[in-house]
Every structure is written in structure tokens, then in C-alpha cells.
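Work through the exercises below with the model open. Each has a task, then a solution in steps.

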Amino acid sequence: MIVNFWVTLGIKMALVLGVMLVGALVSIFGELKISAHMQSRIGPYFAGGRWGWAQPLADGLKFIQKEEIIPDTVDVRVFKLAPYVVLMGTMAIYVVIPFGPDMVAGNLDLGVFYVLAISSISTVGVLMAGWSSGNKYSLMGGLRAAAQLIAYELPLVLAVVGVVILAGTLSLNGIVEAQAQWQWFGVTPEWLNVIPPYLILQAVGFAIFLTASLAELSRTPFDMPIAESELVMGYLTEYSGLRFTMFFLGEYAGMVALAAIASTLFLGGYWLPFVSDDLLNFIGPVVLITKIALLVFLFIWMRWTFPRLREDQLQQLAWRILIPVALANIVVTAVLKVVF
Amino acid sequence: MSALFDYHALAPELILAFTVMAVLAVDLMPVPKYYAAVTGLVGLFASIIPLLTLALCSELSFCSDNGARLLFGDSYVVDTFSLVLKGLFLVSAFISLLLAVGYVESDRYYQGEYYFLLLASVFGAVVMASSRDLISIFVGLELVSGPAFLLAGWRKGDARSNEAALKFFIVGVLSAAILLFGMSLIYGVTGELTFSGIRAATVGGELPAVFTLGVLFVLMGFAFKVSAVPFHFWTPDTYEGAPTPVTAYLSVGSKAAGFVGLLVICYSAFANMRDIWGPALWIIAVASMTLGNLIAVRQTNVIRLLGYSSIAQGGFMLAPFAVASMVEGVELEGALFATVTYLLFYAFMNLGAFGVVMAGMSKVKSAELSSWSGMAQYAPGLSMLVVIFFFALAGVPPLAGWFAKLVMFQAIISGAPNVWAVLLGVIAAVNAVVAFFYYAKVVKTVWMDSVPVEIPAAELGGSGLNPALALALGITAIATIVTGLFPGVLSFFGEATRTFASGF
Amino acid sequence: MGELVVFVIFAPLALVGALTMVAARNPVHSAMGLLMTLFSVAVFYVSNNGHFIAAVQVIVYAGAIMTLFLFVIMLIGVDSAQDNQEVLPNQRPIAVALGLALLGLVLAAGSQGWVPRGTGSPVNGTIENVSDELFGAWILPFEVTSLLLIIASVGTIALAQFRPRAIAGDEADESAVDGELV
């Protein structure tokens, strides 16, 4: 029995790690190719033969081979620990993403809450990286990152509350099921829920969630922390080799993770109508991955479309617009939930 | 127990909470800033009304549920004890607000926020008066102190004010940690959060030593709040550095909240542990009154003097606690009655004294005693008020303080055969004499000394009194004189709380 | 069994974190130590079925408070070597002696047994249970706490932000004194 537990645990960990790595690599490749086509380029072309599909792998190998440079002024322990903290925060999200009714590494009662809690750890990692580098650019980048992550954590959390109110549960599986069983005025057939009900009811929440996740990921238009033109590379400046790769992977893995959470919360997750639960365990991952891919594409699209926000604009957007709107969204949702 | 949510019982709190928010909202509106103060005053007044109806309700027959109202599973109790103390808090908040109006308006302060924080602190005190479990009373206490920390540092450009806030904050946080540690030990031993539960769990049985430790830690935590020696270090510096109206509030509202917490927790939760807290508070009471008075004698700054005097007065209020372990029944009730009554009288006297200090400071721009000398020559009215309030604090008979001291001594003497009670009585008597010396010193300086030469004659008697300050001084002066002549006016309320000591 | 394993792993971590927090010269290292302690405590909550409180612990302490700590430490830019000059003579030995005395007292008291009896049945710390308690019996402290948070934010803004005198009616001179130290 005990052995069984450890074996299951091992398999689950391997799966989580695998899904994360593959997701990150695929989205890196997506970023390379999509950005290239948006700029009328071809992008990576040679590695792997066709379409340059092996480019992310080749990049990864290159980074691993490189010498890791640790500058003199660095606070070594914190510097070395930081990438692990960032990556751990991201990886832990994958544990609760439901790919099917049973295709989930850990179905927690408080899935959403867990995600929000654990993802906040990454912030600490970013701060550690920025401070320990002993470099003013890094410090500035770390400070900006922290200010930004604190500011956008709030709308992220508040946007989710609307969904939680509607679903009446914090469990991610529960939220998917609640969307599957949603009834418009108590009469609608189930199949209509292919159009995700929360996408319509929580459109505001969805928009806030997407915006805030972009900021949480420090991606353009919210990439002040690593703004190349002014901060070299922000908190990443002094990192090289394997540790840089970890940050890099962490960023894309985080993108996939947040896209997965957004798909689960707002887009119906793995669910399809007319499919039994057993079958859904096999089809579900495909459905979810499709939705994730759509959202990741959206993230990439935004990155290559919008200019960067200035720091004060960025903070104003969070505190003056997103948070009040998210609060209003909660109030309206709660009132409607009680009324209907 | 009535319904889960007894709106009538919670009405004072609800009105006050609404007022707190309304003040913040009014501050945002494009109206003159003193509207916020007016809103606060109206709200305070409005929340006194349900106190009266609740008090009447326990007397009248047509009221459906009379007697004590228990809410939230015994953890929130509205009885005469809590009603009286809520009344004390609201009235003293009313006066504190009046004191603050002119001061806040004349300087560059955030006015709306100031009133908001003051009222929020009062709200915490009101919640504390009814709280009958560890969590509620702790949260209430934090709500009292939290705004006070901020208010103490309200003069941002003044390094002393910053120092005051920082000292107050650090000591306050430390005391909160000690208090929580004690509470956690008590909860660990008894498994109860409500005071009635703790009281039931401690009947007769053998309790482990950690429980004693928990009781002592809780006492320590509250001793910080009431600035009793040896937990008083923050008091003089904070009182001096903080804006004067804040000091007035700290020395009355915030201090009274600490005493209420001590009263509630000692007489209800630890009712069976009087052997522990009685002697502990004996030491604290003696140390407070002796040290407070002795140091106050040497003070040259009126505010610091009042700071040490409030430490000493706190010692007098703690004295009846000390005899509680020696007496039973009616005399135990007498000990509670003495502390509550002392609090009621002290509130008016001390607020008045701070009002006078503020008025004096507006005349001579200084709180140094030397610059106050000869004030009677150019401000006779104000100097008369100095006499009233400082002699009242000293306990000179026709003024309010004598009755407070009388009931305090009565309570001490009730434990008389016991040698410790006698010793306490002697020490308190000596202290009362010492205290008279420095209160009289202020009066002497104001009336008998000559005006210091360095103050240009043109500046003296400059600005008239702010109407709000004048109103506050008027209320407190009348209260001090009337309750001195007819102590029954206030001691009636003290009597109403008596039964709290004999249990529920 | 599982709980024991978790305890054996994380209890030393929590202690090491706490010691680092106190002993480290570098404030950022102190903060890291505190973070480790807080995280270990969160793990204990999980092993005691307090999932919700564990998540709260992580989101509040690790997420918000520690970020704020680090943020402030970095903004102030503390040098790694702190000035340890003391104003009060012999403060350190006296403090150590008194602290040890207190520790001795607590341990002596505790040697007779910390928690003499288990009370009640263990409650599963699920969200339903927590929220039933929180919004039932403890609604008043809960609401009071919310007021406490508003106070904190209002007070912090008022203390941190320098604003010219804004008495209604003299808005005109606001720009003149803008930025002046209040």
C-alpha cells in the first residue's frame, strides 16, 4: 500500500514535470514562429529539419552547455536559490490543473485558492533574483517586478471570485462540472454549454483575469521589470547558463499554466457534451490543450502587438481600473446569484 | 439566547460603524472638512441613543427580552456593565473629537482621516466592552490601538511625533504578541475561547503551571495598554510627541479600553484565578502609583507631567484589583465598582486637563511649565480651569476626583484585616499626598509666579479659544464640578456595573 | 505515519528558518529564514487537514507580507553589515539574561505538561467548516478585522503621502505649496 502510494506519487510528479516542460517548449517554439510571421519573417528554420521545430531544444542545450557566470557582488546563496523558487511556484500550479474528470494530479478542495496562493511564491523568487544580483539594473527590475506582481495579484484573485460565486466551489474540477451543468433560466439543454456560460456571464472577469495574468507573467505590455531598453534584462541580467534557462522555462511554463487555469475557470475546461466521463478522460486533455493553445496564442499576439506601458500607467491600470471593476464584478455577480 | 442577530443589541456598534464609514465618505465630498467632524459628532450622539433604550429595556416590562443579551454563542454580551462602559467610551470620544476639531483644522492634517481613525478606535473600544471571548477582545483591542499608533504620528514633519508613533507602535506590537501568547496558553489548557467557558473550566480543578503563565502574560499585555509600571516606558515620550488631542484620547479612551479588557478578563474569565492576578496586580499597582508620582514631581513639561500622572492614576485604578483576591461577595463587587467609578470620573477630569493644556498651548505656544507662569494675569478664565482640573485630579474635595479616590480607598480597606491590603492603603495614601504636590505646583506656577520676561507682552492672550475646544472645556468643567458636588450622578452608573463581579 | 515524516522533515526546517531569521546579519537572509519558517508551518497545517488555513498562510505570509518585507528592505537599501553600536551600556548581556530567565520560566512551567487534555473532536479544516464558523459565530471579529484593514490602508496613505493643505475654499494655493514637507 505504502509502496503503491510512492509509485503513484512518482508517476504523478514525472507527469507534471513532463507536461510542464513540453508545454513550455511548445509555447517557446510558438512564440518564435508566431512572432516571426507577425513581423513578416520566417523564424527558426534549420534546427530539426522541418520548420525548425527543434529550435527550443537546441536553445536549451546551448544554455546548458554555457558556463554559469556568478559575478563577485552576488549574494551567492540567494542568487542560486532564486530560480528554483520561481520554477517551484509555477510547477506547483500544474498539480491541480484538471485535464479530465480523473486526469488531475491532485484534486484539491480549494484548487483555485491553492493556485493563487502558490503562484504568489514566484514573486519572492523574482525579488530574490533582483536583490541578490548586486546590480542596480537587477534591483530596479526586481522592485518593479514586485510592485507589479503585488498590484496585479489583486485583480487576478478578485476576478476569480466571480466564478467561484457562480460555481459555488473552489475545486477546479467542481468549477468545470458547474459549467457543464449550467442552466440558463433552468431550462437550457446541456449541449448549449459548449458555449462556455462563464465566458458570457463573467466576461468582465475573464478580461480582467487575462490582463492580470499578462502582468503576472511580466509579458509585454507589462514587461517593465525586464524592459531591455532601460534595464538591460532586469532581474535576469546576471543570470546565465542553466539558471537562466530555468527562469526562461518558468516564464513560458507560467504562461501555459495561467492559460490552463483561465480555460478551466472561464472556458469550460476539459468538458464536452454527450461524452461519458470515462471517455472524457481521454478526450478532455485534447479539449483543454486546444483552449490553452488559443489563449497562449492570444498572449503571444498581444506581446507582439502592444507597446510597453510606463510604470505609472501600469500601476494606475491595476489600482484605478482593474481592481474597482473587479470589485464591482463581484458585487454584481453576488447580487445576481442571490436574485436568480 | 435570542436570535442570532439581535439588531437592537448591536445598534450602537452598527451606528458607530456606519458613522466611521460616513466620515470617510464625507471627507471625499467637496464640502468643508469640518463636516466630517460634525458627522462624527452626530454619529457618536446617535449611537448613545440605543444605549439608553437598551438600558431602559432591561427595566421595562413591554420590552420583549430584558436582562443581558447574549450574542454569537455567549461571546458577545450586552449587559449593564458593557452599556455603562460603552457610554463612557462614546462620551469621552465625543469630547476628544471636540478637542481635536480646532487643532486639526489649524494645522496641516488630514482632517477626515483623523476623525475616521479616532472613531474607528472608539469603535474598537465599544466592541471590547461587550466582548466575552479571547478572539473578540483581542481584535477589539487591536482596533483600539491600530488607529492610535497612526494618530500618534500624525504630525509627519515633527521628529518627536514620529518617535512617539514608533515607540508606541513597537511597544504595542510587543504587548500584543505577549497577550496572544498568554491567550494561546489559556486556550491550550482549557480548550475554551469564551470567558464563560474558561471560567467553567477553571472551577476548583488543578490547573497546570502554564495556565498561570498564560494568565500572567495576558495581564502583562494589558498592563502595556494601560501603561502600568514596569510597562510604561512608551507613555511619556508618546504623550509628549503625539498631537495633544491624540494624547488626550490615549490617556482616556485608549487607557480605559485597556482597563475594560482587564476588568472583563479578570472578573469573568479568570474569576477563579484571583489568587494569581490579585498579587500580580498588587505589585503593578504599587509600582505604578509610586513611580508615576515620584517621576511626575520632577517634570517641567505639563504634558509629560500629565503623562506620569496618568500612570499614577492608572495605579490607583489597579489598586482595587489587588484586593479582589482577599474579599468575597459584596466587597468583591465593591472592588469592581471602585475601578469603574474611578474610570468614569477620571475620564472627565483628564480630558479637561488636556483641554486646558491645549488652550494654554494656544496662548503661550509651549507646554513647558516655566512659560506658563503667571498665566492668571492675562488669562484668568483659563487659569481658573487649571485650578479646577488639576485639583480635581489631585482629589481636592469639592471637585470630582475626591469621590473616585474615596471609593478606591473604600475598596482597599474592605480587605483590611489582610496586611497586604493595609499596606496598599498606606502606600496609596502617601501617593495621594505626593500627587497633590505636583498638581498644586502647576496651579501655583499659573497663579503665583510672575510672567516670564522673554515672552513679548503683545503675544500674550493672543488668539481666542476655538469654539469646539471651549465647548469641550465647558462640558468637562461642568461635569467635574457637578459630579464633585453630587457624585451620585456618575457613581449611579458605577453601581449598575456591580453585579458583573458576582458572575453571570 | 505520514504526518510524522512530514514533521520530522519540516520541524527542523522551521527551526533553522527561525534561527536564521534572528541570527542572520543580512536582513534579506533574515527574511528568507522567516519565509522558510512560515512555509514549514503551512506544511504542518496541511498535514493536520487544515488545507484552507495552509493556503491562507502561504498567500498572506509568503505572498503578501514577505514580498512587502523584501520590497521595503530593497527600497531602503540596507547594507549587508548593520551597525551594531548600542546606546545603552550592557544592554545585550542583560537582555540575554532576562530572556534566558523567561525561557527557563516557560520551560519550567511547561515541564508539568503543556496541554493536559485533548478537547473535542478534530475538525476538518475544509472551506465549508471554516466559513461556517467564520460567518456564523465569529462574524463580529471578522467584520472588525475588515475595519482594521481599512484603517491600515487609510492610515498608511495618510502618513506616507505628502499633500498640501487642502482646506475647502483655498484650493487655489494648493499648487503653490505642492510637494512641501508637511
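**Exercise 1. Which chains touch?**

Task: find which of the 2 pairs of chains that touch has the most contacts.

Solution. Chains B and C have the most contacts among the 2 pairs of chains that touch. Two residues are in contact if their C-beta atoms, placed from the backbone, lie within 7 Å. Next, check chain A against chain B. They do not touch, and their nearest C-alpha atoms are 16 Å apart.

A note on the source: this is a predicted model, where local features need pLDDT of at least 70, side-chain atom pairs count only at pLDDT 80 or more, and totals for chains, interfaces and linings use all residues. Residues are numbered from 1 along each chain as its sequence is written, while chains are lettered from A and ligands numbered from 1 in the order in which they are written.

**Exercise 2. The two sides of chain C**

Task: describe the side of chain C that touches chain B, then the side that touches chain A.

Solution. Start with chain B. The contact takes 30 residues from chain C and 35 residues from chain B. On chain C, the elements giving two or more residues are α4 (91-110) and α6 (139-160). Helices (H or I, at least four residues) and strands (E, at least two) are DSSP runs, numbered from the N terminus. α6(C) gives the most, with 13 residues. By class, this side of chain C has 22 nonpolar, 7 polar and 1 charged. Ala, Val, Leu, Ile, Met, Phe, Trp, Tyr, Cys and Pro count as nonpolar, Asp, Glu, Lys and Arg as charged, and the others, Gly among them, as polar.

Now turn to chain A. Here 18 residues of chain C are in contact with 22 residues of chain A. On chain C, α2 (27-47) and α3 (51-76) are the elements that give two or more residues. The largest share, 13 residues, comes from α3(C). This side of chain C has 14 nonpolar, 4 polar and no charged residues.

**Exercise 3. The fold of chain C**

Task: count the helices and strands of chain C.

Solution. Chain C has 6 helices and 0 strands. Of its 182 residues, 22% count as buried. A residue is buried if 20 or more other C-beta atoms, placed from the backbone, lie within 10 Å of its own, exposed if 12 or fewer, and partly exposed in between.

**Exercise 4. A helix pair in chain B**

Task: how do α5 (residues 134-152) and α10 (residues 244-269) of chain B pack?

Solution. First, take the angle: about 165°, with the axes 11 Å apart. So α5(B) is roughly antiparallel to α10(B), as angles over 145 degrees count as roughly antiparallel, under 35 as roughly parallel, 65 to 115 as roughly perpendicular and the rest as oblique. Then list the contacts. Among them, B:I137, B:L141 and B:V144 lie in α5(B), and B:V246, B:L250 and B:S254 lie in α10(B). The contact divides into 11 nonpolar, 3 polar and no charged residues.

**Exercise 5. Burial in chain A**

Task: is A:M20 buried or exposed?

Solution. Locate A:M20 in helix α1 (residues 2-38) of chain A. Count its neighbours: A:M20 is buried because it has 23 C-beta neighbours inside 10 Å. Leaving out residues up to four places away in sequence, A:M20 touches A:M91, A:Y94 and A:A253.

Finish with α11 (residues 241-266) of chain A. 22 of the 26 residues of α11(A) are buried. A:G268 follows α11(A) and has a positive phi, near 85°.

Conventions. Expected span 1.5 Å × (residues − 1). Axes fitted to C-alpha atoms, helices over the stretch in contact; angles between N-to-C directions.
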